[in-house]
Structures are given as structure tokens and as C-alpha cells.
Amino acid sequence: VANFNCIDTTLREGEQFANAFFNTEQKLKVAKALDDFGVEYIELTSPVASEQSREDIEKICKLGLKCKILSHIRCHMTDASVGVETAVDGLNVVIGTSSYLRKFSHGKDMDAIYKVAGEVVTFIKSKGKEVRFSSEDSFRSDLVDLLKLYRYVDKLGVNRVGVADTVGCANPRQVYELIRTLRGVVNCDIECHFHNDTGCAIANAYCALEAGATHIDTCVLGIGERNGITPLGGLAARMYVADKAYVTNKYNLHKLRDLENMVAQFVEIQVPFNNYITGYCAFTHKAGIHAKAILNNPTTYEILRPEDFGMTRYVSIGHRLTGWNAVKSRCEQLDLHLSDDEIKEVTRKIKELADIKPLNIEEVDSLLRVFDKKLELTSH
Ligand code: HCA
Ligand code: CU
């Protein structure tokens with residue numbers, strides 16, 4: 001996978017999350033935090049959505065962020081003419097191309113789609129803004145229709161074409177094939193947008209990049225319509241494993257946790273326990289066999305270095321799966337002096353007790369301290 005760009009759409013797709021009602025102040029904070037993290041683009045809700053949406057676009061544009069700012073609009077001349085009057089760098093234009101959307105949503109046939117696409121793209125370009133043309137529900141659209149349409153807008157000079165798995169039906173192999181084919185048809189950049197209804201949103205993004213896509217849409221914590229889209233943190237984890245130096249240089253990975261906590265607070269959700277990188281147990285090691293190896297060399301069971309994300313590793317010892325090497329390491333942390341035999345004995349105690357009740361770390365520590373005292377008593 002070569003270079004890639006994140007288009008974070010927490011302030012557009014994310015606003016479509018059931019519990020998202022960002023006020024202006026919150027939007028400004030999210031925009032700044034995304035810029036500090038280092039995403040290349042942020043995408044904002046359409047200026048025609050509401051008066052407040054339009055005003056907020058202007059405020060965000062005045063922040064002087066390093067990232068480029070896009071607004072997401074329907075493929076309409078009315079939306080485009082309002083869009084070009086805002087201070088954004090570019091417009092992300094979308095129109096539905098699947099038969100479902102053509103029938104039940106906007107009602108246009110392919111000829112009508114060509115006509116409006118041509119008008120809108122040419123108009124936005126004439127105003128000197130970046131333009132991306134995307135087809136909603138790409139994976140349920142006719143392949144020939146889709147490729148012809150992309151080729152047409154590519155010739156008109158769009159910066160990017162967009163492929164959207166609006167309903168989350170695509171799998172990684174289908175994504176690879178479609179993007180590979182598209183790569184041979186257009187010269188412009190390729191942006192991809194994956195919904196996560198069947199849990200493929202990160203894998204699909206990765207396969208799209210392998211096949212030649214250049215831009216991936218993300219949201220903080222993966223929020224969005226229904227159960228959301230590719231999460232920024234999850235994509236960062238995936239890409240870190242693919243090319244650690246590139247990802248650690250390009251993004252301020254230490255800022256991820258605060259960014260996620262902030263968005264979680266604004267939309268009143270908890271960060272999931274199993275979240276990529278920042279989930280509470282993402283760097284917790286439990287089984288004795290794992291703990292021993294981790295203590296010898298973390299790369300044995302860690303593909304992500306917690307330090308690279310400002311996170312810390314935790315070795316859990318108060319349970320029946322524990323092992324004496326992990327217990328020994330805890331003794332060292334507490335500066336307790338137990339012989340190996342004593343450590344093995346206390347490990348047996350921990351296992352016995354853990355079979356009866358769950359133990360917290362304070363209880364484990366006090367068991368260890370009892371042994372340390374014994375040692376002192378016998379040596380005097
Ligand atoms: C939606 C639109 C969209 C647009 C994606 C894009 C989708 O249905 O709300 O602009 O490429 O998922 O199709 O988010
Ligand atoms: Cu979407």
C-alpha cells in the first residue's frame with residue numbers, strides 16, 4: 001500500500017449518527033482536534049442543510065487549519081451554487097446510481113445523471129474549487145453505468161471520483177476488484193467510503209488502498225448513519241501495521257485518545273471496551289503464558305506498540321490464568337523481595353482464591369505484601 005489520505009467526515013457523516021447534535025463550539029473543537037491529529041481533509045455538512053450549518057462552515061474555515069476543508073453536497077446546481085460561495089477548499093458531490101436510489105430516491109435515469117453531473121462539475125471547477133464526484137450505493141449499481149460515469153467526470157477534470165458502500169454490503173474482495181478496475185479507467189484520485197453494517201469497513205478500506213484508492217473517508221469512533229463507517233483509529237491501527245514509519249510520521253497518534261474521548265462525550269457514548277488502540281483492554285495481557293512472554297519482549301504478543309499511541313501496557317495478574325513470572329514482575333514493581341519459591345507459592349494462593357471470587361489488584365498486592373513481611377520476620 002502506497003500513500004493514502006484520510007478525509008475525516010465526523011462533521012458530516014458523523015452528524016448523521018443517531019445521537020450526534022453538534023453545536024458550533026463542539027464542531028470547532030472537533031475540527032481543531034482532527035487537524036492536530038493530522039488528517040489531510042475534513043468534510044462538513046452541506047451549507048444547504050440549515051442556516052446554522054452554513055454559518056458553522058464559515059467559522060471552521062476561519063480557524064486557519066492545516067487540513068483542507070470540504071463540504072458535502074448533492075449533485076444539484078442549487079447546492080453547488082451555495083457551496084461555491086462558502087470558503088471551503090472543495091466540494092464533495094454525491095448522487096445515487098443504484099437502481100434502488102434511482103427509483104426510490106431522486107428518480108433520475110442515467111441520462112439525467114450525466115447531464116446534472118456535467119453541469120455541476122464544470123460549474124464548481126470554473127469557480128476554482130476542488131471537486132469530487134461520488135456515486136452513492138456504488139456496489140449495487142450497474143458496473144458499466146458506473147465506469148462510464150466515472151470516466152465522463154474524470155474527463156471533465158474532477159480531482160477525485162468517489163466509491164461509496166452506502167449500505168455496507170461490500171466485502172474486501174469485491175472492493176479490491178471494483179477499485180482495481182476503476183484504477184484502469186480514470187486518471188484522477190479515488191476516494192472510498194465504507195459503511196460498517198457487516199463489520200468490513202476497515203478491511204474494505206485497506207483493500208481499496210491496495211487496489212489503488214488514494215483517499216479514505218473516516219469518522220472518529222466510526223460514528224455515522226446506522227452503525228457508522230470506517231473508524232479513524234481503526235484505520236490508523238491497520239495502516240500502522242502496514243507501514244509504521246509512514247503512519248507515525250504523518251499522524252500525531254498520541255492525540256487519538258483525547259480526540260475520541262471528546263467526540264464520545266459530545267455524542268454521549270462510551271468508547272467501546274474493544275476499541276482499536278484506546279479500548280480499555282487493548283493493551284492488557286492476561287494469560288500466564290502471554291504475560292511471561294510480554295515481560296520478556298513485548299513484540300511477542302503486541303503488534304501495536306502502546307507507547308506510539310501514548311498508551312500503556314497492563315499485565316493482569318489477579319486471576320486463575322495467572323503465572324508466576326507475571327507475579328514476580330508485580331513484586332518488582334512494588335519493590336517486594338520474595339524468593340522464586342515464595343512467588344510460586346503466592347501464585348498458587350492467587351489461583352486458589354480466584355477460583356472462589358474475582359480479585360482486584362489491591363487484594364493481590366496485599367497477598368504479596370504478606371509474603372514480604374514473612375520474609376522480614378524470618379530473617380530477623
Ligand atoms: C449517505 C451518503 C453517503 C455519501 C458518501 C459519499 C453514503 O447515504 O448519507 O459522498 O461518497 O454513504 O453514500 O454518506
Ligand atoms: Cu455514508
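Visitor: How many bridges pair strand S1 with S8, and in which sense, parallel or antiparallel?
Guide: Strands of a sheet pair through backbone hydrogen bonds, either parallel or antiparallel. Strands here are DSSP runs of E, at least two residues long, and helices are runs of H or I, at least four, all numbered from the N terminus. Two strands pair if DSSP finds at least two bridges between them. Strand S1 (residues 5-8) and S8 meet that in the parallel sense, over 4 bridges.

Visitor: What kind of model is this, and how are residues and ligands labelled?
Guide: It is a predicted model, where local features need pLDDT of at least 70, side-chain atom pairs count only at pLDDT 80 or more, and totals for chains, interfaces and linings use all residues. Residues are numbered from 1 along each chain as its sequence is written, while chains are lettered from A and ligands numbered from 1 in the order in which they are written.

Visitor: In which order do the 8 strands close into a barrel?
Guide: The pairing in the barrel is parallel. Neighbouring strands are turned by 25 degrees against each other on average, direction ignored. Such angles run from 0 to 180 degrees between N-to-C directions, with axes as lines fitted to C-alpha atoms, for helices over the stretch in contact. The order is S1-S2-S3-S4-S5-S6-S7-S8.

Visitor: Is Asp217 buried or exposed?
Guide: A residue is buried if 20 or more other C-beta atoms lie within 10 Å of its own, exposed if 12 or fewer, and partly exposed in between, with C-beta atoms placed from the backbone. Asp217 has 29 other C-beta atoms within 10 Å. So Asp217 is buried.

Visitor: Which residues does Asp217 touch, beyond those up to four places away in sequence?
Guide: Contact means that two C-beta atoms, placed from the backbone, lie within 7 Å. Asp217 and Asn5 are 212 residues apart along the chain, and their C-alpha atoms are separated by 8.7 Å. The residues touched by Asp217 are Ile7, Thr9, Glu13, Glu191, Cys192, His193, Ile229 and Thr230.

Visitor: Which residues of S8 are buried on each side?
Guide: In a regular strand the side chains alternate between the two faces of the sheet. Both faces of S8 are covered. On one side are His215 and Asp217, and on the other Ile216 and Thr218.

Visitor: Why is helix H8 described as largely enclosed, and what do its buried residues pack against?
Guide: Helix H8 (residues 201-210) is largely enclosed by the rest of the structure because 8 of its 10 residues are buried. Among them are Ile202, Tyr206 and Leu209. They pack against strand S6 (160-165), helix H7 (172-183), strand S7 (189-194), strand S8 (215-218) and helix H9 (232-242).

Visitor: Which residues come nearest to ligand 1?
Guide: A residue is near a molecule if its C-beta atom, placed from the backbone, lies within 6 Å of it. There are 13 residues around ligand 1. By class, the shell has 2 nonpolar, 8 polar and 3 charged residues; Ala, Val, Leu, Ile, Met, Phe, Trp, Tyr, Cys and Pro count as nonpolar, Asp, Glu, Lys and Arg as charged, and the others, Gly among them, as polar. Those that come nearest are Val94, Ser134, Glu136, Ala164 and Thr166.

Visitor: At what angle do the axes of helix H1 and helix H2 cross?
Guide: The axes of H1 (residues 24-37) and H2 (residues 51-61) come within 10 Å. Thr24, Lys27, Leu28 and Ala31 of H1 meet Asp56, Lys59 and Ile60 of H2. The angle is roughly 40 degrees.

Visitor: What is the phi of Asp137, and what is that of Asp335?
Guide: Most residues other than glycine have a negative phi. Asp137 lies in the loop between strand S5 (130-136) and helix H6 (143-155), and is buried, with 20 other C-beta atoms within 10 Å. Asp335, in the loop between helix H13 (324-333) and helix H14 (340-356), is exposed, with 7 C-beta neighbours inside 10 Å. Phi is positive in both, near 60 degrees for Asp137 and about 55 degrees for Asp335.
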